[in-house]
Amino acid sequence: MSDLSQVPIQKKKLMGYVGFHNLPNQFHRKSLKKGFQFTLMVVGESGLGKSTLINSLFNTNLYPPKDSKEPTPETPKTVEIQAISADFEENGVKLKLTCIDTPGFGDFVNNEDSWKPILENIEARYDAYLDQENRVNRKKTVDTRVHSCIYFIAPTGHSLKPLDIEFMKKLGNRTNLIPVVAKSDTLTDDEIKQFKQRILEDIAFHNIPIYQPDSHENDDPETIAENKDIVSKIPFAVVGSDKEFEVNRKKVRGRQYPWGVIDIENEEHCDFVSLRKMLIRTHMEELKEHTNDVLYENYRVEKLKETGGQIAEPSLNPTAKFDQERVAHEQKMAKMEAEMKAVFQQKVAEKEAKLKQSEDELYARHREMKDQLERQRQELEDKKKRLASGTKKGKSLFK
């Protein structure tokens, strides 16, 4: 079968009205009927306002207020994975949101490998989706993959901690990583600016992949400028709040201090609006597409290579596909046979070395015992001679 991608494409001019300019409207109606789905993960140390920020982003009480509890022997000593789902509707548009929290991350004396349960959860969701793709009936495929991960950085004002760097390096290639500076109202404007610069320097130095909106050829100037503005705010310095205060006869969500109120939706106070704009209003579908087309696809290829699977090629006929699978199976068996031979030879060599060592030790011990017996025999001979000479001297005295 010829390669369809090589078929020349001709550009023609319409002679009259056809009507396919309504295709976006068809997609719009289909999307409204089906609804949208998004899975968001939040990671960070306790007390950085993860739940409050999620409630602020979606303007709802998805997470109830938490009671502060003292640590007890029953307190989990590992990172937990907790998911909560909710259905929303706004102006006829339905959204199913799944939010994944990771309590316990960074809260222990030893936080080594605390990223592992989180990475395992993300990859388990990829595995579940891959398993659904391989089924005969794929009509009821459910997408539970993590489409984005907001990582909360403590507002230390210095630079990224080793835990931050390790986590972001491990998960940057598995999910759309969005770093945010939590509780940025604890820093001054100059401190935030310098802190952001140090974070970006650490990210560049350690080659940490983070999500940044892409620009496309067909983007209008307004969209390009909007994307540039969003990129310039990364990492987002955010403040979350579900409380309202009255400022100039207007109710705003924010935090009240003796010197005034921080309005979380005032872009001069924090980057909350930019984060919400990117995550929900302008790039939610792009985050899902990047997850499916890039992150998941890379994982799928890696997984198939690990298991010895082959990526299907539509141009192959069944016979060629069978031959390809047979060759792959033979190569796999030959590799396993070679590995088993190598292991067997290694074990034989180790056994021979141990036997040789035991033989040498027995020989050395035998020689040592022989020398010791020889010394004892010689000592007895000397004693015998001394006794014999003493007896002759005694007899001569009696005479």
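Me: At what angle do helix α3 and helix α4 pack?
Reply: The model is predicted: local features need pLDDT of at least 70 and side-chain atom pairs count only at pLDDT 80 or more, while totals for chains, interfaces and linings use all residues. Residues are numbered from 1 along each chain as its sequence is written, and side-chain values use heavy atoms, with hydrogens and water left out. Helices (H or I, at least four residues) and strands (E, at least two) are DSSP runs numbered from the N terminus, and axes are lines fitted to C-alpha atoms, for helices over the stretch in contact, with angles running from 0 to 180 degrees between N-to-C directions. The axes of α3 (residues 116-133) and α4 (residues 162-171) lie 10 Å apart, and the packing angle is about 15°.

Me: Are α3 and α4 roughly parallel or roughly antiparallel to each other?
Reply: Angles under 35 degrees count as roughly parallel, over 145 as roughly antiparallel, 65 to 115 as roughly perpendicular and the rest as oblique. The angle here is about 15°. The two helices are therefore roughly parallel.

Me: Is the crossing of α3 and α4 left-handed or right-handed?
Reply: A crossing is left-handed if the near helix is turned anticlockwise from the far one by less than a right angle, and right-handed if clockwise. The way α3 passes α4 is right-handed.

Me: Which residues of α3 and α4 make the contact?
Reply: Contact means heavy atoms within 4.5 Å. From α3 the residues are Ile118, Leu119 and Ile122. From α4 they are Phe167, Lys170 and Leu171.

Me: In β5, which residue is the bridge partner of isoleucine 153?
Reply: Two strands pair if DSSP finds at least two bridges between them. Strand β4 (residues 148-153) and strand β5 (residues 177-181) have five bridges, in the parallel sense. One of the bridge partners in β5 is isoleucine 178, which goes with isoleucine 150. For isoleucine 153, the partner is valine 181.

Me: Which are the edge strands of the open sheet of six strands?
Reply: The strand order is β2-β3-β1-β4-β5-β6, with mixed pairing. Two strands pair on one side only, and these edge strands are β2 (82-90) and β6 (236-237).

Me: What is the average twist from one strand to the next in the open sheet of three strands?
Reply: The order is β7-β8-β9, with antiparallel pairing. The edge strands are β7 and β9 (260-263). From one strand to the next, the twist averages 70°.

Me: Which residue in β8 stands opposite glutamate 246?
Reply: Strands β7 and β8 run antiparallel and are joined by four bridges. Opposite glutamate 246 stands lysine 251.

Me: Where is asparagine 248?
Reply: Its phi is near 50°, a positive value in a residue other than glycine. Asparagine 248 is exposed, with a relative accessible area of 74%. Its place is in the loop between β7 (244-247) and β8 (250-257).

Me: Where is asparagine 91?
Reply: Asparagine 91 has a phi near 55°, a positive value in a residue other than glycine. The residue is exposed, with a relative accessible area of 78%. Its place is in the loop between β2 and β3 (93-101).

Me: What is omega for the cis peptide bond of isoleucine 234 and proline 235?
Reply: Proline 235 is in the loop between α6 (221-233) and β6. For the cis bond that joins isoleucine 234 to proline 235, omega is about -5°.

Me: How far from the sulfur of cysteine 270 is the nearest cysteine sulfur?
Reply: A disulfide is a pair of cysteine sulfur atoms within 2.5 Å, and the structure holds zero of them. For cysteine 99, the nearest cysteine sulfur is that of cysteine 149, 10 Å away. For cysteine 270, the nearest is that of cysteine 99, at 19 Å.

Notes: Buried < 20%, exposed > 50% of the residue type's maximum accessible area, 1.4 Å probe, protein only.
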